[in-house]
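The following exercises ask the student to read a protein structure step by step. Each task is followed by a worked solution.

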Amino acid sequence: MSWLEVVNLQAVPVADIPVLPMDELRRDTIEKIRNGQRLALFFGERTSAGTVVYSIIADDSASRLHIASSNLRDGMKFTSMTPEVSSAYLFERELYEEFQIEPVGHPWLKPLRHGIPGIDEREKQYGFFRMEGEEVHEVGVGPIHAGIIEPGHFRFSCHEEKVYQLEIKLGFQHRGVENLFVTNGSHPIYLEKLAESVAGDTVIGHAGGFIRGIESLSDVKVPRKAKLIRTVALELERIAVHLGDLSALSGDVAYLTGNSVFGALRTKVINTTMAICGNRFGRGMMKTGGVGFDVTPDLARKILGMTDRLDEEAGLAAEVLFSSASVLERFEKTGVVSKETATAIGMVGPAARASGVAVDVRTDHPFGGFEFLPVHKLTLPGGDVFARAYIRYVEIRQSIKIIKEQLGGLTDGEIRQTPSALRPKSLVVSLTEGWRGEIAYIIITDDDGKIRRVKVKDPSFNNWFALSLAVRDEGISDFPLCNKSFDLSYCGFDL
Amino acid sequence: MLLAVAEFVIIISPLFLVGLISKVKALWGGRRGAPVVQPYFDFLKLMGKGEIISTVTSPVFRIAPSVGIAATLFALFILPVPVLGSVFHFEGDFVLFAYLLGMAKFVMVLAALDTGSSFEGIGASREVTYSTIVETAFFVVIGSLALLTSHFSFETIFASVNMVAGYSPLVKILLLASLFIMLLAEGSRVPVDDPNTHLELTMIHEVMVLDYSGPDLAFIQYTVSLKMTIIAILMADLLVPSSTPPIPALGLFAVIVVSVFLLVGAVESLIARSRISHIPQFLFLMTTFSLTAFAVAAFFLFGGVK
């Protein structure tokens with residue numbers, strides 16, 4: 001039976017999604033991924049009879065998404081895909097934790113976030129990977145860290161300074177976000193605020209992803225101007241975080257100049273976001289049906305003036321940073337993730353592009369303002385900290401260009417349409433390229449057009465495992481640098 | 001009398017000198033920065049605080065900071081103040097000097113291991129590894145000076161080092177470079193260590209003292225700055241001509257010590273911290289410089305260009 005083919009943000013009736021036997025769903029998924037497609041999501045939904053498992057595969061080159069599902073009764077098991085498809089590794093653990101559906105043959109089955117209800121962690125241990133041997137030592141870092149960092153536990157198995165294995169345990173900030181979307185479905189403003197707080201550093205990205213999903217379900221036509229303003233906001237967010245990351249990367253290698261200069265530039269960018277919507281992180285910007293704040297021609301000129309200066313200043317700062325021998329000594333050949341690994345584990349965003357994997361939702365599955373103005377995919381070959389730092393600089397330049405284009409297309413007009421009721425019994429896949437990578441929102445409505453299930457996937461979900469692999473065989477002292485070069489979200493993962 | 005005053009000023013100044021480094025870095029980074037005397041405020045704040053002592057530690061952990069500060073102060077008294085001389089001096093006193101600094105480090109390493117923390121174990125291991133390089137090189141530095149002057153006490157070495165014939169500038173430059181690297185290493189400064197980081201896994205010195213708080217921590221911070229000052233004084237000893245009258249000599253001495261710290265600030269502003277696995281290469285530079293100095297001294301004394 002063939003899978004349902006949709007594009008990004010296309011709402012479809014749930015009844016149209018083919019229901020396959022689990023074996024077939026598994027076989028098809030593996031086959032599609034072997035053919036070069038990407039596992040975007042593999043998640044479940046609780047029904048009265050058991051669990052429905054959805055598999056969503058992205059065919060990036062054709063800009064299509066393939067959807068199929070399978071019904072599993074309580075207590076049913078299925079054969080794990082992970083031995084064949086590494087990128088299914090976390091999705092299957094998630095499924096196991098949330099619905100107790102056991103993927104038989106999963107190489108490393110254990111809870112993912114909050115633990116499995118009914119299983120006492122004191123009786124059934126989490127089961128960290130252990131390395132045995134003389135002079136082997138374990139270093140546990142966190143979940144409480146020095147400095148203001150989110151909680152996460154990192155366990156290193158080392159010999160002297162060399163890391164053989166890093167295991168990352170997250171879930172300390174699990175808030176039940178997906179559930180909150182459902183239980184508060186009748187308060188649209190609450191939902192927008194909730195989406196903004198899924199990962200506090202990706203306000204525009206997450207709110208935009210959720211809101212576009214809702215809009216696709218409700219037939220509201222977002223004005224062109226609003227789409228352009230949203231894109232400007234999204235790119236401003238990208239620039240700001242990338243600048244902040246370059247500053248922090250400099251800080252981690254104690255390179256004072258880069259640390260201060262990029263930090264100062266970031267302030268200018270977030271202040272520009274504040275000039276638009278009154279909040280430096282873009283809260284309140286994204287509204288269902290449009291945007292909350294207009295960009296007047298006067299403001300547009302101000303933004304353009306800022307980006308022009310930024311273009312020049314960031315160029316100068318980057319020249320200093322990326323030509324400093326002592327910095328390059330730290331960045332180059334540190335924390336390498338090969339292209340093969342990146343593809344196999346399903347990495348997304350700048351981290352994947354720095355390893356040479358050309359994935360960019362803005363190009364592959366255009367949304368919002370990118371429908372009018374396409375974006376080129378940029379990749380770098382190295383896969384090391386240098387590549388992940390340099391791709392950020394390259395993307396800052398690209399985003400400045402995008403902002404100029406989008407603002408150039410700005411005309412007078414409405415910025416917001418009144419939202420209407422949601423279509424009943426429908427499903428929409430909303431993919432967004434946040435600064436960290438692909439943000440996915442799946443929204444499913446019930447018979448009355450109420451939100452029945454929201455599945456959120458932050459790009460951190462795809463990329464945390466890459467960090468574990470990146471620090472293998474590296475010195476343990478380079479871990480913080482590798483970590484910062486990915487700059488992943490803890491709460492975005494924990495949900 | 002003058003020596004007593006000088007020693008007193010030296011004892012109270014290390015925190016100011018560290019404040020100077022922070023100031024240079026702040027100005028370089030385009031910030032106004034904390035006042036130069038901020039380290040004194042921090043010191044007083046810590047002195048007024050209580051202490052939390054890990055229940056798994058032994059008395060070693062308790063006494064280590066006090067032993068460290070005492071040993072380092074004793075080392076200071078062996079070191080001559082330019083022109084004025086030192087408080088204690090005898091033949092071979094520089095061996096005691098080196099081992100006093102070594103003891104201060106040794107007790108801190110023991111205390112770090114005493115906590116049983118894996119972080120502090122890593123830090124201790126790094127500290128000891130780099131010390132083996134630095135301490136050896138330091139003996140070559142002193143050896144070169146002893147060879148050059150045929151004296152075996154700090155005071156007499158420095159009294160005569162500026163009297164030796166014209167070839168000494170080359171030896172001196174090499175020894176100064178050597179001592180400057182030693183200062184960066186012993187003071188846990190960039191590129192060897194990063195004193196400002198909060199990342200435990202990359203630290204060397206800072207991670208060894210993670211469990212300390214209150215007065216003990218104040219002692220430790222003071223000890224580190226005093227150690228840096230001591231090495232800066234060694235550099236000044238090499239530079240101040242021993243025939244200078246006391247007051248100008250002390251002025252020159254102060255200028256040199258302050259310049260050394262300004263230079264540390266400049267280095268920290270300009271370069272990134274080295275990769276841990278590459279730090280020995282940097283430290284071997286000190287060995288290289290000191291061995292070259294030794295070879296040059298030996299060449300002129302024994303082989304000599306006639």
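**Exercise 1: A sheet and its helices**

Determine the strand order of the open sheet of four strands in chain A, and describe what packs on the sheet.

Solution. Step 1. The order of this open sheet of four strands in chain A is E1-E5-E4-E3, and the pairing is antiparallel. Strands pair if DSSP finds at least two bridges between them; strands (E, at least two residues) and helices (H or I, at least four) are DSSP runs, numbered from the N terminus. The model is predicted: local features need pLDDT of at least 70 and side-chain atom pairs count only at pLDDT 80 or more, whereas totals for chains, interfaces and linings use all residues. Residues are numbered from 1 along each chain as its sequence is written, while chains are lettered from A and ligands numbered from 1 in the order in which they are written.

Step 1. Strand E1 (4-6) and strand E3 (38-46) of chain A each pair on one side only, and are thus the edge strands. From one strand to the next, the twist averages 25° (angles run from 0 to 180 degrees between N-to-C directions, and axes are lines fitted to C-alpha atoms, for helices over the stretch in contact).

Step 2. Three bridges join E1(A) to strand E5 (residues 64-73) of chain A in the antiparallel sense. A:Glu5 has A:His66 in E5(A) as its bridge partner.

Step 3. Helix H1 (residues 22-34) of chain A packs on the sheet and touches E3, strand E4 (50-59) and E5 of chain A; the direction of H1 makes about 155° with that of E5(A). Contact requires that the C-beta atoms of two residues, placed from the backbone, lie within 7 Å. Helix H2 (residues 89-99) of chain A also packs on the sheet, touching E3 and E4 of chain A, and its direction makes about 5° with that of E3(A).

**Exercise 2: A helix pair**

Describe how helix H6 and H7 of chain A pack.

Solution. Step 1. Helix H6 (residues 224-252) of chain A and H7(A) pack at an angle of about 160°, and their axes are 8 Å apart. H6(A) is therefore roughly antiparallel to H7(A) (under 35 degrees counts as roughly parallel, over 145 as roughly antiparallel, 65 to 115 as roughly perpendicular and the rest as oblique).

Step 1. The contact residues include A:Leu236 and A:Leu243 of H6(A) and A:Phe262 and A:Val269 of H7(A). By class, the residues of this contact of H6(A) with H7(A) are eleven nonpolar, nine polar and one charged.

**Exercise 3: Two chains**

State how many residues of chain A are in contact with chain B.

Solution. Step 1. Chain A has 26 residues in contact with 26 residues of chain B.

Step 1. Strand E8 (136-141), helix H7 (256-277), helix H9 (325-331) and helix H15 (479-486) of chain A each supply at least two residues of the side of chain A touching chain B. This side of chain A holds twelve nonpolar, eight polar and six charged residues.

Methods: Ala, Val, Leu, Ile, Met, Phe, Trp, Tyr, Cys and Pro count as nonpolar, Asp, Glu, Lys and Arg as charged, and the others, Gly among them, as polar.
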